Amino acid sequence: MATVEASNEAMATVADKAPVTAERKVPEDLDTMLPKPYLPRALSAPDTENVNGTWGHKHNDMSVLQQHVAFFDLNNDGVVYPWETCKGTLNFVYCLYVYLYDFNSLFFFNVFLKISMVTFG
């Protein structure tokens with residue numbers, strides 16, 4: 001079997017048009033801190049301090065994205081309504097900022113994502 005070499009561009013960890021990627025470099029020894037850091041996890045979101053994900057968190061066999069969405073589904077009916085998004089956002093410490101000043105993001109999540117779910121889902 002032939003060895004495949006990745007190009008420098010494919011292995012780049014810094015994007016010139018996203019300066020934050022230069023400020024927050026990927027540790028070169030990440031594989032010593034996190035087992036198989038290249039492997040996507042389905043049920044947990046591990047980091048270098050919590051290699052098994054959040055300690056004590058029950059995933060209920062849901063993907064990480066499903067867990068995030070389920071946080072906002074307050075009545076567990078499978079549908080996230082705008083008022084649930086607002087109430088869920090109010091559970092955060094920075095909720096007042098989001099609720100008062102970032103109405104655009106609430107509008108985006110509730111309208112555009114709903115349209116995409118109906119159209120493509």
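Residues are numbered from 1 along each chain as its sequence is written. In this predicted model, local features need pLDDT of at least 70 and side-chain atom pairs count only at pLDDT 80 or more, while totals for chains, interfaces and linings use all residues; side-chain values use heavy atoms, with hydrogens and water left out.

**Overall make-up**

The protein has six helices and zero strands, and from the N terminus on its elements run α-α-α-α-α-α. Helices (H or I, at least four residues) and strands (E, at least two) are DSSP runs, numbered from the N terminus. Of the 121 residues in the protein, 12% are buried. Here buried means under 20% relative accessible area, exposed means over 50%, and partly exposed lies in between (1.4 Å probe, protein chains only). The accessible surface of the protein is about 10,600 Å², and 61% of this belongs to carbon and sulfur atoms. Such areas come from the Shrake-Rupley method with a 1.4 Å probe; for residues, only the protein chains shown count as cover. Among the contacts in the protein with a separation of 6 or more, 8% are between residues 24 or more positions apart. A contact means heavy atoms within 4.5 Å.

Helix H4 covers residues 82-89, and its residues Glu84, Thr85, Gly88 and Thr89 are buried. Seen down the axis of H4, these buried residues fall within an arc of 135°, so they line one face of the helix. The arc is that of the directions from the helix axis to the C-beta atoms. An α-helix has 3.6 residues a turn, so residues three or four places apart point the same way.

Gly88 has 0% relative accessibility and counts as buried. Not counting residues up to four places away in sequence, Gly88 touches Phe71, Phe72 and Leu74. Asp73, in the loop between H3 and H4, is also buried, at 9% relative accessibility. With the sequence neighbours up to four places away left out, Asp73 touches Gly78, Val79, Val80 and Glu84. Asn76 lies in the loop between H3 and H4, but Asn76 is exposed, with a relative accessible area of 64%.

Most residues other than glycine have a negative phi.

| Residue | Phi | Place |

**Pairs apart in sequence**

Pro46 is in the loop between H2 and H3. Pro46 and Leu34 are 12 residues apart in sequence, and their C-alpha atoms are 8.0 Å apart. Leaving out residues up to four places away in sequence, Pro46 touches Leu34, Arg41, Val51, Asn52 and Gly53. Gly88 and Leu74 are 14 residues apart along the chain, with 7.5 Å between their C-alpha atoms.

**The second largest pocket**

The second largest pocket has a volume of about 240 Å³. On a 1 Å grid over the protein atoms alone, a pocket is an open set of points where a 1.4 Å probe fits, with protein on both sides within 12 Å along at least five of seven lines; lining residues have an atom within 4 Å of a point. Among the residues lining this pocket are Leu43, Asn52, His57, His59 and His68. The lining divides into three nonpolar, eight polar and no charged residues.

Key. Points joined across faces, edges and corners; volume = space filled by probe spheres on them. Nonpolar A, V, L, I, M, F, W, Y, C, P; charged D, E, K, R; others polar.
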